[in-house]
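Open the model in your viewer and keep the sequence panel beside it. Each stop below tells you what to select and what you will find there.

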Amino acid sequence: MNVSLKNSDALNGVITVKISKTDYAENVDKGLRNFRQKANVPGFRKGMVPMGLIKKMYGKSVLLEEINKLVSENLFGYIRENNLNLLGEPLPSSEQKELNLDTQEDFEFAFDVALAPEINIQLGKDVTIPYYHISIDDKMIDTQVDAYRSQMGTYDQVDEVETKDMIKGVLVELENGMSKEGGIRVENAVIMPEYIKNEEEKAKFIGAKNNSVVTFNPYKAFDGAEAEIASLLKVDKSAVAEHTGDFNFEIVEITRHKDAELNADLFEKVFGKDVVSTEEEFRNKIKEALVEQTIPESDFKFLEDIRTILMEKVGNVEFPDAFLKRWMKASDEKKTEEEINESYPKIIEDLKYHLLKESLVKNNGIKVEEGDINNFAQRVTKAQFAQYGMLSVPEDVLDRYAKDMLKNKETARNILDRAVEEKLAVWLKDTVTLDEKTVTLEEFKKLYE
């Protein structure tokens, strides 16, 4: 077995994988013996088929499978062992010699590869970048308090309908004021007056008592919106136009959401036992959490702003354009040449920035350890729980969820990228000069306009 790289130029090369009979013969023989043991051939007992016949029947497929396996393992093993920073994936080379499985014993495979260009950049305190801190005001805290009160609230059964209540009942289609024969009947219909668009129809429900009957027109109530009406009547959207008359709604249950009281019970549900005991402490704890949540947003904006300066410092970078376009076509054969040429400049810009970040990470000893990845996954998990108002999730639960998250290869790769970018942001903030500014959330959002 011999694997070598021949550079065509600084950005292009050909990796050649040479395989001799001694590399594959033993495994091919083993594979054929396995076929012989299992083969069912008329006229022969199982396991007693002559090896010559087995070779004739399965020899080429076993040989081809073993060669493909050897080529793949040694090609990518060579790339890993030599730390080749490739762009895209190796592609079959135009230099590939024709193969003949009938006459050849030694084989040679050639693959075109694209080598990433070297990017080096120096940064120091002479570079000034704005960094925006988002101020947490009382309005933001109030909004979060209201959200927690809503999330931790209760659903009570009441006797009289108000706008935001949920009403369950029996919906019956009418004709001349009576139940329509063969008409629509929905046993567990649900209506929330808050979402009724027509004010006149909405008013029919407000103040209605439990076990009473409301006569209304669904078509008018929802201004003819097919999706909403079809959902209520349990019919296809195409059938909505056939049911534009009145319906009776017999109310059997009225449910009202009640916000949680601002007391010790709410404080414990949100932050855990004995963490906060007063409304002031509760609000301060919320402020701390909001500040923590804004840091990734500030860092993201910082990285966006520094990207422009970094890209200007790098200037023009040569890429193996022909190979990359060929690889894009091989990756998605449905793409036309015109589509590839149109998207190529943007792809190259993103690729250049990716290599630039890679260079900064490598050249400045920025490392992400397994513990960093696990920690980041836990923080992502914690943020997900926080969206549902669960801020006091035990550490062992966060750890379990984080580990489950990292079992997904795509998710794990995304977590790794984000963890690297976070460490890069920390290094960049220490390296350049920060023009620190404090802005409101509204002002921060306007920076993206």
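**Before you start**

This is a predicted model, in which local features need pLDDT of at least 70 and side-chain atom pairs count only at pLDDT 80 or more, while totals for chains, interfaces and linings use all residues. Residues are numbered from 1 along each chain as its sequence is written, and side-chain values use heavy atoms, with hydrogens and water left out. Helices (H or I, at least four residues) and strands (E, at least two) are DSSP runs, numbered from the N terminus.

**Stop 1: the cores**

Select Leu360 and Leu428. These are the residues with the most contacts inside the largest nonpolar core, which has 35 residues. A nonpolar core is a set of buried Ala, Val, Leu, Ile, Met, Phe, Trp, Tyr and Cys residues joined through side-chain atoms within 4.5 Å. Buried means under 20% relative accessible area, exposed over 50%, and partly exposed in between, with a 1.4 Å probe and protein chains only.

Now colour the elements that give two or more residues to this core: β3 (86–92), β5 (128–134), α8, α9 (321–331), α10 (337–363) and α13 (409–431). The most comes from α10, with 9 residues.

Return to Leu428 and show its surroundings. Not counting residues up to four places away in sequence, Leu428 touches Leu123, Phe302, Leu303, Ile306 and Leu360; contact means heavy atoms within 4.5 Å. A second, separate core has 24 residues, including Val161, Phe205, Phe222 and Ile254.

**Stop 2: α10 and α13**

Show α10 and α13 as a pair. Their axes come within 11 Å and cross at roughly 70°. That makes α10 roughly perpendicular to α13, because angles from 65 to 115 degrees are given that name; under 35 degrees counts as roughly parallel, over 145 as roughly antiparallel, and the rest as oblique. Axes are lines fitted to C-alpha atoms, for helices over the stretch in contact, and angles run from 0 to 180 degrees between N-to-C directions.

Which residues of α10 and α13 meet? On the α10 side, select Lys357, Leu360 and Val361; on the α13 side, Val420, Glu421, Leu424, Trp427 and Leu428. By class, this contact has 6 nonpolar, no polar and 2 charged residues. Here Ala, Val, Leu, Ile, Met, Phe, Trp, Tyr, Cys and Pro count as nonpolar, Asp, Glu, Lys and Arg as charged, and the others, Gly among them, as polar.

**Stop 3: α7 and α8**

Next, select residues 264–271 for α7 and 279–314 for α8; the two helices pack at an angle of about 25°, with their axes 10 Å apart. That makes α7 roughly parallel to α8. Leu266, Phe267, Val270 and Phe271 in α7 meet Glu279, Phe282, Lys285 and Ile286 in α8. The classes in this contact are 6 nonpolar, no polar and 2 charged residues.

**Stop 4**

Go to Ile129, in strand β5. Ile129 counts as buried, at 0% relative accessibility. Leaving aside neighbours within four places in sequence, Ile129 is in contact with Phe302, Asp305, Ile306, Ile309, Val432, Thr433, Leu434 and Asp435. For a distance check, pick Lys164: Ile129 and Lys164 are 35 residues apart in sequence and 48 Å apart in space, C-alpha to C-alpha.

Move to Leu63, in helix α2 (residues 51–81). Leu63 counts as buried, at 11% relative accessibility. Beyond four places in sequence, Leu63 touches Tyr24, Val28, Leu101 and Phe107.

Then select Glu201, in helix α4 (residues 199–203). Is Glu201 buried or exposed? At 3% relative accessibility, Glu201 counts as buried. Its contacts, not counting residues up to four places away in sequence, are Ile196, Phe216, Asn217, Lys220 and Ala221.

**Stop 5: two loop residues with positive phi**

Most residues other than glycine have a negative phi. Asn176 has a positive phi of about 55°, and its place is in the loop between β7 (166–175) and β8 (178–179). Asn176 is exposed, with a relative accessible area of 77%.

Finish at Asn211, in the loop between α4 and β10 (213–216). The phi of Asn211 is near 70°, also a positive value. Asn211 counts as exposed, at 59% relative accessibility.
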